[in-house]
Amino acid sequence: MATNTPNLECRMYEARLPEVDMAVMIQVNNIEESVAYVSLLEYNNIEGMIPLSELSRRRIRSVGSLIKVGRQEPVMVIRVDKEKGYIDLSKRRVDPEDIATCEERYNKSKLVHSIMRHVAETMNLDLEDLYIHVGWPLYRRCGHAFEAFKLIVADPDTILDSLTREVREVGPDGQEVTKVVPALTEEVKDALIKNIRRRMTPQPMKIQADIEMKCFQFDGVLHIKEAMRKAEATGNDECPVKMKLVAPPLYVLTTQTLDKEQGTKVLTDAIEACTDAIDSHNGRLVVKVEPRVVGERDDDALARILADHNKSNGEVNGDDGSEEEDTGMGELDVDRPAGVHE
């Protein structure tokens, strides 16, 4: 399998060309007056084209508003000339379900391809040869190599040791014979397992709920703090609960877990405990957003809210050149009875 100058370019799938009526992921390379030229990212960037008439179902006023150079998106295959290699594509014929299916498949394939390419590069292997003997057999067996890689994380030997390849050798009698040997050497197998485990080990997901909580009783702040402690106490080692003030009366509850259902239940229980605690002091809790999985964008948005709140609550210097002092509502004479004026 090893060569001095390994080829690291290869399509993701065993089929060299996509099938008609299949959604594929493309990147736009060039836009001309009547056609857009694109690369099929899953098929080693072979070229396809989208005629102007296939960009939209509606009347087109500006091609630039529909498609842009550099953009990656799913399109539908409408014609494949296998002899000449021409591939015609359509943007207007792809529906939302096709888009979702294509994006999910491409994201899985891209991760598999990244792992395979890294192993081929570090082990000085031909990438297509690695796909022929490992990647594509796993696609055939599990529907997608991504699913096989998930199994390899926990039980690599069962999956990888079943992969074989045929080699031709010259026997003692001088005759060429075919032998079946493992598809991977131990060194390549170890490298593949290491990369799969590093890239595919499940990462904890962050689950968040947004609430509003108020308590206008005497020592209301203390009652709110007590309710927050009750909410955090519902967490456990696998799903610790944290509650943070964003800006009164908005609070967020968060947890991190590998199990979405468990994390959602823990936050739901935390909200119930918090509600019971604040209700006992005639306070009020309203769930603004139910528990849901959040990502980096949500964290960035929360950070901006906190920063804006801190900035608005910070000290602001007055105009140094002002000769008048802002006295707010003026001086109040607490000894003079209300309604009595001089």
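Guide: Let us begin with a term: a residue is called buried when its relative accessible area is under 20%. Please keep in mind that this is a predicted model. Tyrosine 43 has a relative accessible area of 3%, so tyrosine 43 is buried. Tyrosine 13, with a value of 10%, is buried as well.

These two residues form an edge-to-face aromatic pair, with 5.6 Å from centre to centre and 70° between the planes. Where do tyrosine 13 and tyrosine 43 lie? Tyrosine 13 sits in the segment before strand S1 (23-31), while tyrosine 43 belongs to the loop between strand S2 (35-40) and S3, so their pairing ties together parts that are 30 residues apart in sequence.

Tyrosine 13 has another partner: with tyrosine 139 it makes an edge-to-face pair, at 5.7 Å centre to centre and 85° between the planes. Here the link joins distant parts of the chain, since tyrosine 139 is in helix H2 (residues 127-142), 126 residues from tyrosine 13. Both members of this pair, tyrosine 13 and tyrosine 139, are buried. Taken together, Tyr13, Tyr43 and Tyr139 make up one aromatic cluster. The structure has three aromatic pairs by the rule used here.

Now for the charged pairs. The structure holds 22 salt bridges. One of them joins the side chains of arginine 92 and glutamate 54, at 3.3 Å from N to O. Glutamate 54 is buried at 6% relative accessibility, whereas arginine 92 is partly exposed at 25%.

Within helix H1, glutamate 121 and arginine 117 are four residues apart, about one turn of the helix. They form a salt bridge whose closest N and O atoms are 3.8 Å apart. Glutamate 121 is partly exposed at 47%, and arginine 117 is partly exposed at 30%. Finally, Glu104, Lys108, Glu147 and Lys150 are linked in a salt-bridge network.

Key
Residues are numbered from 1 along each chain as its sequence is written. This is a predicted model: local features need pLDDT of at least 70, side-chain atom pairs count only at pLDDT 80 or more; totals for chains, interfaces and linings use all residues. Side-chain values use heavy atoms; hydrogens and water are left out. A salt bridge is a side-chain nitrogen of Lys or Arg within 4 Å of a carboxyl oxygen of Asp or Glu. Buried means under 20% relative accessible area, exposed over 50%, partly exposed in between (1.4 Å probe, protein chains only). Helices (H or I, at least four residues) and strands (E, at least two) are DSSP runs, numbered from the N terminus. Rings of Phe, Tyr and Trp (its six-membered ring) pair if their centres lie within 6.5 Å; planes under 30 degrees apart count as stacked, over 60 as edge-to-face and the rest as tilted.
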